[in-house]
Amino acid sequence: MVKVLFVCLGNICRSPMAHFVFKDLIEKEGLSDLVEIESAGTEKFNAYLKAGIHEGTKEIFKRMNIPFEEHIARHFQKEDYDEYDYIIAMDKENVRDILSAIGACISLGIDMDDIVQMMIGRTIGERFPKREAKIGKEVLRVEGLTHEK
């Protein structure tokens, strides 16, 4: 089972959007029994309030015929880093927040773009090998909100 976590700031707009769009793509490819998808936010406020998906996001899902279920915001935890095979941050600030949450030191002279690429599961030369998700004979590659076989 390949585990994918989408992360944004509040876990009510962007990461749930990515979560359910990706889930729809995975289901259409018949891979849902091989991929587990979740989302989280780097700030605690929406999780504390038990906030659901933003109404504007729900409207987009409906307009685009993307199936979704109710989702309660949850906060990214340090343990998520070990739990998920792919952590996909919605922006560089989210990457910084994730690295801070896991106690990573970002003052290593590594370019933030390299770190962003590493976090979304791409291999960056020999410095940042990241496992690819083997699905049968295919390799699932996450490229934004699309996937290739």
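Start with the sheet: select strands E1, E2 and E3, and you'll see an open sheet in the order E2-E1-E3, with parallel pairing. Strands here are DSSP runs of E, at least two residues long, and helices are runs of H or I, at least four residues long, both numbered from the N terminus. Two strands pair if DSSP finds at least two bridges between them. This is a predicted model, where local features need pLDDT of at least 70 and side-chain atom pairs count only at pLDDT 80 or more, while totals for chains, interfaces and linings use all residues. Residues are numbered from 1 along each chain as its sequence is written, and side-chain values use heavy atoms, without hydrogens and water.

Now colour the edges: E2 (35-41) and E3 (86-89) each pair on one side only. Next, pick E1 (residues 2-8), which four bridges join to E3. Click Phe-6, and find its bridge partner in E3, Ile-88.

Time for the helices. Show H1 (residues 14-28), which packs on the sheet and touches E1 and E2; contact means heavy atoms within 4.5 Å.

Last stop: the cysteines. Cys-13 is partly exposed, at 28%.

Definitions and conventions. Buried < 20%, exposed > 50% of the residue type's maximum accessible area, 1.4 Å probe, protein only. Axes fitted to C-alpha atoms, helices over the stretch in contact; angles between N-to-C directions.
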